[in-house]
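Please keep the sequence and the coordinates open while reading.

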Amino acid sequence: MKKLLMGTVAATLLATSGLAAEYTLKFSHVVSANTPKGKAADFFEKRLEELSGGKIDVQVYPSSQLYNDNAVVKALRLNSVQMAAPSFSKFGKIVPNLALFDLPFLFKDIDHLHRVQDGEVGQKLKDMVTAKGIVALDFWDNGFKQFSSSKKALIMPEDAEGQKFRIMSSKVLEEQIKAVGGNPQMMPFSEVYSGLQQGVIDAAENPISNIYTKKFHEVQKYLSISNHGYLGYLVVMSKKFWNSLPADLQANVKQAMKEATAKEREYAQQLNDSQFEQIKKYAKETGKLEIIELTPEQKEAWRKKVSTIYPDFYSDRKIGKDLIEGALNTK
């Protein structure tokens with residue numbers, strides 16, 4: 001009985017290890033807990049607490065409970081929060097080189113992308129961020145972007161001629177659309193559905209998750225599976241917090257992050273696949289959406305056309321020739 005009681009007490013202490021923790025790590029993110037990012041953050045919490053033997057108490061705050069992505073970088077610098085996973089676009093003013101991931105048709109497939117992120121190019125980018133006073137830990141996936149349109153199916157580059165494309169605020173994306181004869185229109189994400197519905201814009205580019213959750217497929221006639229661009233997140237940590245950790249706990253953070261990154265990529269792919277199936281179901285049942293999976297030859301035609309913009313971003317103040325060529329040459 002005594003052994004059973006002691007075991008229960010030990011289990012309780014382990015489960016509430018935050019009470020005896022030496023460090024508290026607040027992880028702020030802007031999405032819900034059931035998204036790939038949210039689930040990976042929760043995985044990281046459990047794994048780091050386990051690896052550190054309860055010395056680090058990880059507290060995950062989803063859905064912008066603490067900060068939105070626009071404010072979180074400043075909060076990290078002040079160590080008001082210790083960890084976050086903003087989208088690449090939030091680092092534009094700090095490290096514009098992260099616009100590498102905006103370049104169209106730069107990555108052959110998801111495996112090539114991950115080899116770039118996990119290799120020399122990815123490390124250079126993380127070092128650039130870390131040099132600005134925020135410790136860059138790893139890249140997490142949202143997904144590849146696809147083209148959609150209500151005006152004309154986007155199969156070959158010339159199909160974009162004259163179409164009004166909604167884009168995020170990005171010089172790379174602006175030049176991408178201009179390269180194929182389209183008209184780039186910067187528009188807040190919250191206005192995209194009504195813009196497509198009312199014909200203010202003809203076309204857009206989004207990952208499957210955005211298309212499905214925001215129902216863009218219901219106000220577009222054509223969806224081209226192009227995988228032409230990428231949206232992702234960079235997991236970052238407060239430098240003050242990182243420097244406060246002894247070497248063994250830093251190693252624990254790195255290990256937990258490595259495992260969480262592998263999980264996040266799995267979650268993102270699973271979600272992409274399941275939501276794409278729902279979009280295909282909608283297309284089949286309603287007949288209102290045509291889905292075109294671009295062939296390798298069609299993708300190559302697009303790549304040849306849009307890759308003409310790459311040299312415009314060779315300057316280190318933009319992206320950098322070494323990073324662009326490094327990504328292209330990553331085996």
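## Pocket, cores and selected residues

The largest share of the lining of the second largest pocket, 7 residues, comes from α10. The model is a predicted one, and every value below is computed from it.

**The second largest pocket**

- The space in the second largest pocket comes to about 590 Å³, and 28 residues line it.
- Lying nearest the centre of this pocket are Lys 108, Asp 109, Phe 144, Asn 227 and Lys 299.
- At least two lining residues each are supplied by α4, β4, β8, α10 (residues 247-286) and α11 (residues 296-306).
- By residue class, the lining divides into 11 nonpolar, 8 polar and 9 charged residues.

**Helix α5 and its packing**

- Helix α5, which spans residues 120-130, has Val 121, Gly 122, Leu 125, Lys 126 and Val 129 as its buried residues.
- These buried residues fall within an arc of 135° when α5 is viewed down its axis, and therefore they line one face of the helix.
- The partners against which the buried residues of α5 pack are α4 (110-118), β4 (134-149), β8 (222-238) and α12 (321-328).

**Nonpolar cores**

- The largest nonpolar core contains 37 residues, and Leu 98, Leu 100 and Leu 103 are those with the most contacts inside it.
- Two or more residues of this core are given by each of α3 (69-77), α4, α5, β4, β8 and α12.
- Leu 100, setting aside residues up to four places away in sequence, touches Leu 106, Val 121, Leu 125, Ile 319, Leu 323, Ile 324 and Ala 327.
- Val 121 and Leu 125, both touched by Leu 100, also belong to the buried residues of α5.
- In general terms, nonpolar side chains tend to be buried together in soluble globular proteins.

**Buried residues in strands**

- Val 235 is located in strand β8 and is buried, its relative accessible area being 0%.
- Val 235 and Phe 27 are 208 residues apart along the chain, yet their C-alpha atoms are separated by 9.8 Å.
- Gln 146 sits in strand β4 and is likewise buried, with a relative accessible area of 3%.
- The contacts of Gln 146, leaving aside neighbours within four places in sequence, are Ala 204, Glu 205, Asn 206, Ile 208, Ile 211, Leu 223, Ser 224, Ile 225, Ser 226, Asn 227 and His 228; among these, Asn 227 is one of the residues nearest the centre of the second largest pocket.

**Exposed residues**

- Ser 190 lies in the loop between β6 (183-186) and α7 (192-198), and its relative accessible area of 67% makes it exposed.
- From Ser 190 to Lys 240 the C-alpha to C-alpha distance is 35 Å, the two being 50 residues apart in sequence.
- Asn 70 belongs to helix α3 and counts as exposed at 62% relative accessibility.
- Asn 70 and Pro 246 are 176 residues apart in sequence, and their C-alpha atoms are 30 Å apart in space.

- Most residues other than glycine have a negative phi, which is the background for the next two entries.
- Ser 63, in the loop between β2 (56-61) and α3, has a positive phi near 55°, and at 40% relative accessibility it counts as partly exposed.
- Lys 215, in the loop between α8 (208-213) and β8, has a positive phi of about 60° although it is not a glycine, and at 42% relative accessibility it counts as partly exposed.

Technical notes:
Residues numbered from 1 in each chain as written. Predicted model: local features only at pLDDT ≥ 70, side-chain atom pairs only at ≥ 80, totals over all residues. Heavy atoms only, no water. Buried < 20%, exposed > 50% of the residue type's maximum accessible area, 1.4 Å probe, protein only. Helix = DSSP H or I, 4+ residues; strand = E, 2+ residues; numbered from the N terminus. Arc of directions from axis to C-beta. Contact = heavy atoms within 4.5 Å. Core = buried A, V, L, I, M, F, W, Y, C linked by side-chain atoms within 4.5 Å. 1 Å grid on protein atoms, 1.4 Å probe; cavity = no way out; pocket = protein on both sides within 12 Å on 5 of 7 lines; lining within 4 Å. Points joined across faces, edges and corners; volume = space filled by probe spheres on them. Nonpolar A, V, L, I, M, F, W, Y, C, P; charged D, E, K, R; others polar.
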